[in-house]
Amino acid sequence: MKKKGGRKILGFMVKEEKEENRGSVEFQVFSFTNKIRRLASHLELHKKDFSSERGLRRLLGKRQRLLAYLAKKNRVRYKKLISQLDIREK
């Protein structure tokens with residue numbers, strides 16, 4: 001993984017911003033994962049921020065649904081994505 005501006009960027013996500021396929025499941029899961037990690041670190045400092053906690057739960061649900069869809073449609077892409085993002089399998 002490469003770092004760019006303090007963020008981790010995966011090999012398949014290093015394309016120019018205009019060339020990115022923002023509609024792809026992989027890109028959406030990648031962006032949700034970045035938001036989830038940012039919110040989780042925020043909640044470590046601010047334990048009583050319940051509105052951010054609710055937002056985190058919503059993002060987790062969205063990511064979970066996208067991953068379930070990808071696992072059903074293409075198991076190989078699913079396995080590759082979860083290994084690259086270092087997230088647990090359901």
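The crossing of α1 and α3 is right-handed; a crossing is called right-handed if the near helix is turned clockwise from the far one by less than a right angle, and left-handed if anticlockwise. This is a predicted model, in which local features need pLDDT of at least 70, side-chain atom pairs count only at pLDDT 80 or more, and totals for chains, interfaces and linings use all residues. Residues are numbered from 1 along each chain as its sequence is written, and side-chain values use heavy atoms, with hydrogens and water left out.

**First stop: α1 and α3.** Select residues 25-45 for helix α1 and residues 75-85 for helix α3. Helices here are DSSP runs (H or I, at least four residues), numbered from the N terminus. The two pack at an angle of about 25 degrees, and their axes are 11 Å apart. Axes are lines fitted to C-alpha atoms, for helices over the stretch in contact, and angles run from 0 to 180 degrees between N-to-C directions. The pair is therefore roughly parallel, a term for angles under 35 degrees.

Next, display the side chains of Glu26, Val29, Phe30, Thr33 and Arg37 in α1, which meet Arg77, Leu81 and Leu85 in α3. By class, this contact has 4 nonpolar, 1 polar and 3 charged residues. Contact means heavy atoms within 4.5 Å. Ala, Val, Leu, Ile, Met, Phe, Trp, Tyr, Cys and Pro count as nonpolar, Asp, Glu, Lys and Arg as charged, and the others, Gly among them, as polar.

**Second stop: the buried residues of α1.** Colour Val25, Glu26, Phe27, Val29, Phe30, Phe32, Thr33, Ile36 and Leu43, the buried residues of this helix. Buried means under 20% relative accessible area, exposed over 50%, and partly exposed in between (1.4 Å probe, protein chains only).

Select residues 50-73 for helix α2, which packs with α3 at an angle of about 135 degrees, the axes being 6 Å apart. Leu67, Leu70, Ala71 and Lys73 in α2 meet Arg75, Arg77, Tyr78, Leu81 and Ile82 in α3. This contact divides into 6 nonpolar, no polar and 3 charged residues.

Gln84 lies in helix α3 and is partly exposed, at 24% relative accessible area. Finally, select Asp86 in the segment after α3. Asp86 has a positive phi of about 60 degrees although it is not a glycine, and it is exposed, at 63%.

How values were computed: Angles under 35 degrees count as roughly parallel, over 145 as roughly antiparallel, 65 to 115 as roughly perpendicular and the rest as oblique.
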